[in-house]
Amino acid sequence: MATNYLLVWLGIINILLFYFMYSDKQKARKRKYRIPEKYLLILGILGGGLGGILGMQLFRHKTKHTYFYLVYILGMSLWVWIMTRVIR
């Protein structure tokens, strides 16, 4: 039961971060108010690392900031660890 909720959470948070990466890239092009980096990083830690990395690659956004890759990969590793503990 808990596994289902976690999978739904991870799906939603990844889609949300992917959308935020797209939205922030569009705002950057139009020189509008941007989404703060701390929100993008927090979403990565909360489980959206895969969506963040896909957004970075597809939209060519924040790719020069290695700390985004680092945080997203660490976040994904954390969630893999959590899921292995829940599935047992």
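Q: Where does Lys62 lie in relation to the helices?
A: The model is predicted: local features need pLDDT of at least 70, side-chain atom pairs count only at pLDDT 80 or more, and totals for chains, interfaces and linings use all residues. Residues are numbered from 1 along each chain, and side-chain values use heavy atoms, without hydrogens or water. Lys62 belongs to the loop between helix 2 and helix 3.

Q: How many helices and how many strands does the chain have?
A: Read along the sequence, the chain shows the pattern α-α-α. Counted as DSSP runs from the N terminus (helices H or I, at least four residues; strands E, at least two), the elements are 3 helices and 0 strands.

Q: What box do the C-alpha atoms of the chain fill?
A: The box is taken along the principal axes of the chain. Its dimensions are roughly 50 × 20 × 20 Å.

Q: Does Lys62 count as buried or exposed, and what is its phi?
A: The relative accessibility of Lys62 is 12%, so Lys62 counts as buried. Although Lys62 is not a glycine, its phi is positive, at about 65 degrees.

Q: Does Arg60 count as buried or exposed?
A: Arg60 also lies in the loop between helix 2 and helix 3. Its phi is near 50 degrees, a positive value in a residue other than glycine. Because its relative accessibility is 69%, Arg60 counts as exposed.

Q: Which residues does Asp24 touch, not counting residues up to four places away in sequence?
A: Asp24 is part of helix 1. It is buried, with a relative accessible area of 0%. Its contacts (heavy atoms within 4.5 Å) are with Arg34, Ile35, Leu40, His61 and Lys62.

Q: Against which helices do the buried residues of helix 3 pack?
A: In helix 3, the buried residues are Phe68, Val71, Tyr72, Gly75, Trp79 and Met83. They cover an arc of only 105 degrees around the axis, judged by the directions from the axis to the C-beta atoms, which puts them on the same side of helix 3. These residues pack against helix 1 (2–29) and helix 2 (37–59).

Q: Which exposed residues does helix 3 carry on the face turned away from its buried side?
A: An α-helix has 3.6 residues a turn, so residues three or four places apart point the same way. On the face of helix 3 turned away from the buried side, the exposed residues are Thr66, Leu70, Leu74 and Val80.

Q: How are helix 1 and helix 3 oriented to each other?
A: Axes are lines fitted to C-alpha atoms, for helices over the stretch in contact, with angles from 0 to 180 degrees between N-to-C directions. Helix 1 and helix 3 pack at about 165 degrees, with their axes 10 Å apart. Residues in this contact include Leu6, Leu10 and Leu17 of helix 1, and Tyr72, Trp79 and Met83 of helix 3. Because angles under 35 degrees count as roughly parallel, over 145 as roughly antiparallel, 65 to 115 as roughly perpendicular and the rest as oblique, the two helices are roughly antiparallel.

Q: How are helix 1 and helix 2 oriented to each other?
A: The axes of helix 1 and helix 2 come within 7 Å. They cross at roughly 55 degrees. The orientation of these two helices is therefore oblique.

Conventions: Buried < 20%, exposed > 50% of the residue type's maximum accessible area, 1.4 Å probe, protein only.
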